[in-house]
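Trainee: I would like to learn how to read a protein model, taking one feature at a time. Could you show me the general idea and then the case at hand?

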Amino acid sequence: MKLMLLGLSGAGKGTQAKKISQDYNLPHIATGDIFRILIEEGTPLGQRAEKYIEKGKLVPDKDAIKIVKEELSKIDIFSGFVLDGFPRTLYQANVLTELLNDLNTELDIVLYIKVDPEELIDRIAGRRVCLNCGASYHIEYNSPKREGICDLCGKELIQRNDDQEETIRYRIEVHARMIDELIIYYQNKGILRTITGKSIEDIYNNIKMTIEVER
Ligand code: AP5
Ligand code: MG
């Protein structure tokens, strides 16, 4: 399955993508996670991206496209993947469609995780992430077994630099402006599936049911 997760900042894309990736054995490609690794490594692209990310702004399309192309070139696209955080703009969506079209393939499902915007600030403020494997936790709603340590890989958990209250609000605003046109774009292609639910498990069960219907 070639899947894409769509949702506002804090909607749970990373949380759900990790579960899908493990259960269905699909590579998880998360542009935000890759940018954070590049920032940590201090690469030129990482340094360029950091200036945008720390302000909650979108990284220029060409940089996001470059890293996704690189990641897709490392995997067998036909065996499937889970995209998380890409495409973020209509331009990126068109580039992805063309890229897959050139290979005679396309996305199978876009899972749009719909969440009440009121919940997002609280979720992001309490988030802790693992830079090593990209796993996402919450100090209250999804705490790791050992405080500050990733359940999956045992590395230390951190708070993201862009998870400060003012940046969060700005990021949600930026994201909200772009998401509607992506929803329409994928609705028109007939592959958008809206996922609702309360708890992480609830939402995941709805995702699984949706995937099973389409498989
Ligand atoms: P990115 O890392 O993708 O950030 P984002 O889109 O703002 O989304 P988040 O990662 O904040 O949220 P999420 O939906 O993954 O939620 P999570 O599962 O962690 O991008 C960061 C930056 O990189 C962007 O701002 C931009 O600058 C740049 N960038 C990335 N991609 C780009 C692109 N394509 N183009 C241009 N720029 C790009 O969950 C959030 C929290 O809630 C966690 O604590 C989790 O435990 C908790 N939680 C999850 N589900 C539930 C639930 N059901 N109930 C309670 N708590 C929950
Ligand atoms: Mg994420």
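Mentor: We shall go from the overall fold to salt bridges and then to the backbone.

Mentor: This is a predicted model, in which local features need pLDDT of at least 70 and side-chain atom pairs count only at pLDDT 80 or more, while totals for chains, interfaces and linings use all residues. Residues are numbered from 1 along each chain as its sequence is written, chains are lettered from A and ligands numbered from 1 in the order in which they are written, and side-chain values use heavy atoms, with hydrogens and water left out.

Trainee: How many helices and strands are there in the protein chain?

Mentor: Helices (H or I, at least four residues) and strands (E, at least two) are DSSP runs, numbered from the N terminus; the protein chain has eight helices and eight strands. Its radius of gyration, taken over C-alpha atoms, is 16 Å, close to the 17 Å that the globule rule gives for 215 residues, so the chain is as compact as a globular protein of that length. That rule is 2.2 Å times the number of residues to the power 0.38.

Trainee: What share of the 215 residues in the protein chain is buried?

Mentor: Buried means under 20% relative accessible area, exposed over 50%, and partly exposed in between (1.4 Å probe, protein chains only); by that reading, 49% of the 215 residues are buried.

Trainee: How many salt bridges does the structure hold?

Mentor: Side chains of opposite charge can pair when their charged atoms come close. A salt bridge is a side-chain nitrogen of Lys or Arg within 4 Å of a carboxyl oxygen of Asp or Glu, and the structure holds 19 of them. In one of these, the side chains of Glu-119 and Lys-198 meet at 2.7 Å, N to O. Glu-119 lies in the loop between β4 (109-113) and α6 (120-125) and Lys-198 in the loop between β8 (192-195) and α8 (200-214), so the pair ties together parts that are 79 residues apart in sequence. Glu-119 is partly exposed at 25% relative accessibility, whereas Lys-198 is exposed at 59%.

Trainee: Which peptide bond is cis, with omega near -5°?

Mentor: The bond from Phe-86 to Pro-87 is the cis one, and Pro-87 is found in the loop between β3 (81-84) and α5 (90-102). Another backbone feature is a positive phi in a residue other than glycine, as in Asn-25, where phi is near 55°. Asn-25 lies in the loop between α1 and β2 (28-30) and is exposed at 68% relative accessibility. Asn-104, with phi near 60°, lies in the loop between α5 and β4 and is exposed, with a relative accessible area of 73%.
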